Amino acid sequence: MTTLHRQAGSAGDFVATFVPEDVIAQTARGLAVEVGLHPVAPSAGAALRMLAAACGAKAVVEIGTGTGVSGLWLLRGMRPDGVLTTIDLEAEHQRMARRLFVEAGFSSSRARVITGRALEVLPRLADGAYDLIFVDADATEYAAFVDAAARLLRPGGLVVLHGVLTSGRDVFTVRELAQSVRDSELWQPAVLPLGEGLLAAVRV
């Protein structure tokens, strides 16, 4: 191996550090770790930002606010007039996220923060009104979230599920869901092997 190759590091390291996080995102990540959460990796966050920008996202739903890590990435990819609707059961985590969104330069009107159980909130949202839905929540409810996304997304909109490459106890549930999305005529999907894995699918 040449010196240049040794200095270059592994492909995984290159992917993981290709788009670095700023201080505010690092703060959000530190808070997440403190409260026992596992937010998206920076590489997965960069993909969320890119996907939001690619579809010109103006209306985005995030299921699983956490302390704001993924929300920051999404807001940075959305249109300047876009609104992020973010849902979580933990009001204290959302308070941290809301503060960090403002510190990052986003006006309070850019984030609609809803405290509650997502499966009870989603039925109140308008059909076909959203460009992107990001899910980072209980994997046992992912199938229900995909069903909701089919109603909420406009044609060409995206649903993105976090954690599809994890090895925990819900791995079979997640893999079965991924296969059902793959086999459905409603979706055009791909698995992105970034962080803990993203399943991204376009609503046909």
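The model is predicted, so local features need pLDDT of at least 70 and side-chain atom pairs count only at pLDDT 80 or more, while totals for chains, interfaces and linings use all residues. Residues are numbered from 1 along each chain as its sequence is written, and side-chain values use heavy atoms, with hydrogens and water left out.

Keep helix 5 (residues 69-77) selected. Eight of its nine residues are buried, so this helix is largely enclosed by the rest of the structure. A contact here means heavy atoms within 4.5 Å. Helices (H or I, at least four residues) and strands (E, at least two) are DSSP runs, numbered from the N terminus.

Now show the whole protein chain. Its secondary structure comes to nine helices and seven strands. The radius of gyration is 17 Å, close to the 17 Å that the globule rule gives for 204 residues, so the chain is as compact as a globular protein of that length. That radius is taken over C-alpha atoms, and the rule is 2.2 Å times the number of residues to the power 0.38. Along the principal axes, the C-alpha atoms fill a box of roughly 60 × 40 × 35 Å. Of the 204 residues, 49% count as buried. Among contacts between residues at least 6 apart in sequence, 70% join residues at least 24 apart.

Move to the side chains of Phe 14 and Phe 18. The structure holds one aromatic pair. The ring centres of Phe 14 and Phe 18 are 5.5 Å apart and their planes are at 55°, so the pair is tilted. Rings of Phe, Tyr and Trp (its six-membered ring) pair if their centres lie within 6.5 Å; planes under 30 degrees apart count as stacked, over 60 as edge-to-face and the rest as tilted. Phe 14 is exposed at 52% relative accessible area, and Phe 18 is exposed at 57%.

Finally, select Glu 176 in helix 9 (residues 171-183). Glu 176 is exposed, with a relative accessible area of 56%.

Conventions. Buried means under 20% relative accessible area, exposed over 50%, partly exposed in between (1.4 Å probe, protein chains only).
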